[in-house]
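Keep the structure open while you read.

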Amino acid sequence: EGYVFVSEVTGTDNLEVVLRRPSDGKLSETRMTRQRNEVLEIQLTKLVQKLRKAKQQQSSGIVLLLFAGKDALVDQNLSAADAWSTAAKLEISTPGSETLQVPVYWNPPSVVPFRFPSESPVVGVPLFA
């Protein structure tokens with residue numbers, strides 16, 4: 001299907017927005033890093049520009065709507081952090097194709113590689129074999 005991951009970038013005032021959507025039978029990814037206090041309307045406009053560039057479309061017509069619930073639109077005058085954190089889905093409308101709705105995940109868990117030093121005991125792992 002597709003999804004939107006919105007994550008706070010540690011140690012900064014930025015958000016990373018990752019949109020994955022079906023495109024020509026595979027998932028296409030669009031990423032952007034923006035200020036968390038920026039108005040949502042500006043972020044959605046930038047995301048539309050990136051989508052147009054990815055599809056090589058010059059004409060306008062791509063419309064993005066952010067929903068907090070089933071039919072409740074998120075106010076586009078909110079700060080991006082407040083808006084994305086309450087969002088449930090993003091609706092993407094393009095001319096000549098059907099409307100796509102993708103779920104929005106705020107600060108999804110991430111996997112971080114970690115190496116244990118050999119002298120550190122790990123619960124449940126015998127120290128001597």
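From the N terminus on, the protein chain runs β-β-β-α-β-α-β-β. This is a predicted model, with 2 helices and 6 strands in the protein chain.

Q: Why do strands β1 and β2 count as paired?
A: Two strands pair if there are at least two bridges between them. Strand β1 (residues 3–8) and strand β2 (residues 14–23) are joined by 6 bridges, so they count as paired, and they run antiparallel. One place to look is Tyr-3, which stands opposite Arg-20 in β2.

Q: What lies between β1 and β2 in their hairpin?
A: There are 5 residues between the two strands. Gly-11 in the turn has a positive phi of about 80°.

Q: How do you know that β1 also pairs with β6?
A: The rule asks for at least two bridges. There are 3 bridges between β1 and strand β6 (residues 100–106), so this counts as a pair too, and here the strands run parallel. In β6, Trp-106 is the bridge partner of Val-6.

Q: How many aromatic pairs are there?
A: The count comes to 2 aromatic pairs.

Q: Why is the pair of Phe-5 and Tyr-105 called edge-to-face?
A: Ring centres must lie within 6.5 Å to pair, and planes over 60 degrees apart count as edge-to-face. The ring centres of Phe-5 and Tyr-105 are 5.7 Å apart and their planes stand at 70°, so the pair is edge-to-face.

Q: What makes this pair a link between distant parts of the chain?
A: Phe-5 is in strand β1 and Tyr-105 is in strand β6, 100 residues apart. Together with Tyr-3, these residues form one aromatic cluster.

Q: Why are Phe-5 and Tyr-105 called partly exposed?
A: Partly exposed is the range between the buried cut-off, under 20%, and the exposed cut-off, over 50%. Phe-5 has a relative accessible area of 29%, so it is partly exposed. Tyr-105 has a relative accessible area of 40%, so Tyr-105 is partly exposed as well.

Q: Why is Gln-43 called buried?
A: Buried means under 20% relative accessible area. Gln-43 has 0% relative accessibility, so it counts as buried. Across the protein chain, buried residues make up 29% of the 129 residues.

Q: Where is Gln-43, and what does it touch?
A: Gln-43 is in helix α1 (residues 40–55). Not counting residues up to four places away in sequence, Gln-43 touches Val-17, Met-32, Arg-34, Gln-35, Glu-38, Ala-80 and Trp-84.

Q: What makes the approach of Gln-43 to Gln-35 a polar contact?
A: The cut-off is 3.5 Å. The side chain of Gln-43 reaches the backbone oxygen of Gln-35 at 3.0 Å, so the distance lies within that cut-off.

Definitions and conventions
Residues numbered from 1 in each chain as written. Heavy atoms only, no water. Helix = DSSP H or I, 4+ residues; strand = E, 2+ residues; numbered from the N terminus. Phe/Tyr/Trp six-rings, centres within 6.5 Å; stacked < 30°, edge-to-face > 60°. Buried < 20%, exposed > 50% of the residue type's maximum accessible area, 1.4 Å probe, protein only. Polar contact = N/O pair within 3.5 Å; in protein donor to acceptor, adjacent residues only side chain to side chain. Contact = heavy atoms within 4.5 Å.
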